[in-house]
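Please read them with the coordinates open.

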Amino acid sequence: ATSAVGTMAAFAVLLAIIQGAGAAYKTQLGDLSNEYHIGGWLPGTTDYIKKTLAPVLDEYLNTEVAPKFNPPLKFHFFPVDYSLESYSTDELGDGILDFLYSLSGRLACLEPEHGWTALATQRAYVAGVETGAQGSIIFTLQSNNEIKNISDFKKKRIGIGFVLSGNAYTLAVQTMLNFGVNIFTDASQLVFYDVDFESQFRDVLMGNIDVGILPASWIYANRASYLPLIRVHNPTQQVWEGERFPVTTSTALVPQYSLSVAPFVPLEVKQAVADALIRLNSTHPAA
């Protein structure tokens, strides 16, 4: 099984390599290089990451930011794989990143050591309300009378949405630990769904597994009508940045995904990218 600590370590190693290569590259070509490489990660396949992120981090930036410079800039977006087995993808080519879109928690681990700084944090709609946070729901079948609370998870089959995801894995694991349940030693079986959230939700309803872990935003966006059929464990109404989070979660909240920037990117480029992202709203075709 993959651990959160191991994932962080792999992520840090990768960025150390990337930053070293990037710094050497910038020194060789000078600070006026007009090519900028943006790496992006989401739970899912390479095609899904491209489809989801390229409209903003490639097409939108090349339309809104690139022409403001002389010569015009060029932004290239690449899906990045941060699993322990694969430290980069072929699309990275020379291994250089200037910007990185990923979980805020992972970026926080890199900023102090490598000089990367957060440029913008995404806001998303959860149950129709805009928020900068995300959380998890830990759930069982409402009619499963053997499981009334988290302490009953021992010797049960637990589904994992995606091991590299905070709101489909890490947050819930920590919450269960708080209630004395270690999924690696207490569960009778761990079932890994590799981002197939639909199958995990269905398996809980059909009794194929006992416990599910999924992003709260996914459940409310895709299966809200099924909420009466499930039991949400440790239901908590959280507050984020002074605002009530729009739905009940089982876990603490963490920031949405963020875009971070390498220290060698010129200030005027950072500002132009940040300004463009601030102007982007939910009605824009790229959003």
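1. Where is the place of V195? This is a predicted model. V195 sits in the loop between strand 10 (189-192) and helix 6 (197-206). Its backbone deserves a look: V195 has a positive phi of about 75°, yet it is not a glycine. Most residues other than glycine have a negative phi. V195 is partly exposed, at 22% relative accessible area. Buried would require under 20%.

2. A127 belongs to the loop between strand 5 (124-126) and strand 6 (129-131). With a relative accessibility of 45%, A127 counts as partly exposed.

3. Check one peptide bond as well. The bond from N70 to P71 is cis, with omega near 0°. Most peptide bonds are trans. P71 is found in the loop that runs between helix 2 and strand 2.

4. Five strands make up an open sheet with mixed pairing, in the order 2-1-3-16-4. Strand 2 (74-79) and strand 4 (117-121) are the edges, and each pairs on one side only. On average, neighbouring strands of this sheet are turned by 25° against each other, direction ignored. Strand 4 pairs with strand 16 (residues 258-261) in the antiparallel sense, over four bridges. Within strand 16, L259 is the bridge partner of A120.

5. Two helices to examine against that sheet follow. Helix 2 (residues 46-64) packs on the sheet and touches strand 1 (35-40), strand 2, strand 3 (99-102) and strand 16. The direction of helix 2 makes about 170° with that of strand 2. Helix 8 (residues 267-279) also packs on the sheet, touching strands 1, 2, 3, 4 and 16. The direction of helix 8 makes about 20° with that of strand 4.

6. D47 lies in helix 2. D47 is exposed, at 61% relative accessible area. The C-alpha atoms of D47 and P79 are separated by 8.4 Å, although the two residues are 32 apart along the chain.

7. The largest nonpolar core has 54 residues, of which L61, V65, F75, F99, F153, M176 and V273 touch the most other members. Strand 9 (157-160) and helix 4 (166-178) are among the elements that each supply at least two residues of this core. Helix 2 gives the largest share, seven residues. Leaving aside neighbours within four places in sequence, V65 contacts Y60, L73, F75, A272, V273 and A276. Another core, of 19 residues, lies apart from the largest one and includes A133, I137, I209 and F245. In soluble globular proteins, nonpolar side chains tend to be buried together.

8. Last, the aromatics. A search of the whole structure finds ten aromatic pairs. W41 and F162 form a stacked pair, 6.1 Å centre to centre with 25° between the planes. The pair links distant parts of the chain, 121 residues apart: W41 is in the loop between strand 1 and helix 2, and F162 is in the loop between strand 9 and helix 4. W41 is buried, with a relative accessible area of 3%. F162 counts as buried too, at 11%. Elsewhere, F139, F197, F201, W218 and Y226 form one aromatic cluster.

Conventions:
Residues numbered from 1 in each chain as written. Predicted model: local features only at pLDDT ≥ 70, side-chain atom pairs only at ≥ 80, totals over all residues. Heavy atoms only, no water. Pairing = 2+ DSSP bridges. Axes fitted to C-alpha atoms, helices over the stretch in contact; angles between N-to-C directions. Contact = heavy atoms within 4.5 Å. Buried < 20%, exposed > 50% of the residue type's maximum accessible area, 1.4 Å probe, protein only. Core = buried A, V, L, I, M, F, W, Y, C linked by side-chain atoms within 4.5 Å. Phe/Tyr/Trp six-rings, centres within 6.5 Å; stacked < 30°, edge-to-face > 60°.
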